[in-house]
Amino acid sequence: MTPTPRIGAVLSTVTLVLAAGLHGATPARADDDPTTPPGTEPTATAPVEVDPNDPDLKLPDGATLAQAKVLDIKSVVEDQSGDERREDTNTDVKFALQAEVLFGKDSARLGAEAKSRISGIAEEIKTQNATRVRVFGFTDDLGSAAHGDVLSKKRANAVEDLLAQTLNDADITYEVRGYGEQYPIADNSTEAGRKKNRRVEVTFPRSAP
């Protein structure tokens, strides 16, 4: 999705590559039980071996190499309002939409603004030729955990339904899950933090360059 004038900031950071396990798909309906929760994916292994005895390394006496890690550049673009956030790595694209721009309070019914937001994500899925899409719902920690689990799942289902209708592609497999108050990205002790935690994330692999 091409950034528009409402995009307010671009941040970059270095993170470990996440092996999302999203490659390859067969026609299927939404999966109610994805096996990989967000943030728990295994890290990738190093693509090449490093010889610790290579004289070009010029290690001090007694020094040893730390375990090799694969690093990836993550680009983060967020609306000035914070309503929408996009994260790009070499392997994945993730959109996080705050619940307030999609749903009414304590509701899983998509609002007037939702269609245009989700249509933009659908266009990016087409651009990346993605055949596997994860749609995860999250809430804040107000109310019971059981209520949050149900509400977040219903919201994820609503977004997946609209994505599937918009894309109309039987080759795309969807993983749908409601995580409730698990995996917060902000402090639940403030309303600003709770607002960030009430979200739906849509993640899919990038196409090969």
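**Aromatic pairs and a ring cluster**

The structure holds four aromatic pairs (Phe, Tyr or six-membered Trp rings with centres within 6.5 Å). This is a predicted model: local features need pLDDT of at least 70, side-chain atom pairs count at pLDDT 80 or more, and totals for chains, interfaces and linings use all residues. Residues are numbered from 1 along each chain, and side-chain values use heavy atoms, without hydrogens or water.

Student: What is the geometry of the F136 and Y179 pair: stacked, tilted or edge-to-face?

Tutor: The ring centres of F136 and Y179 lie 5.2 Å apart. Planes under 30 degrees apart count as stacked, over 60 as edge-to-face and the rest as tilted. Here the angle is 80°, so the pair is edge-to-face.

Student: Is Y183 buried, partly exposed or exposed?

Tutor: Buried means under 20% relative accessible area, exposed over 50%, partly exposed in between (1.4 Å probe, protein chains only). F136 has 2% and is buried; Y179 has 1% and is also buried. Y183 has 27% relative accessibility, so Y183 is partly exposed.

Student: Which residues do ring pairs link into a cluster?

Tutor: Y179 and Y183 form an edge-to-face pair, 5.2 Å centre to centre with 85° between the planes. The cluster linked by ring pairs is F136, F138, Y179 and Y183.
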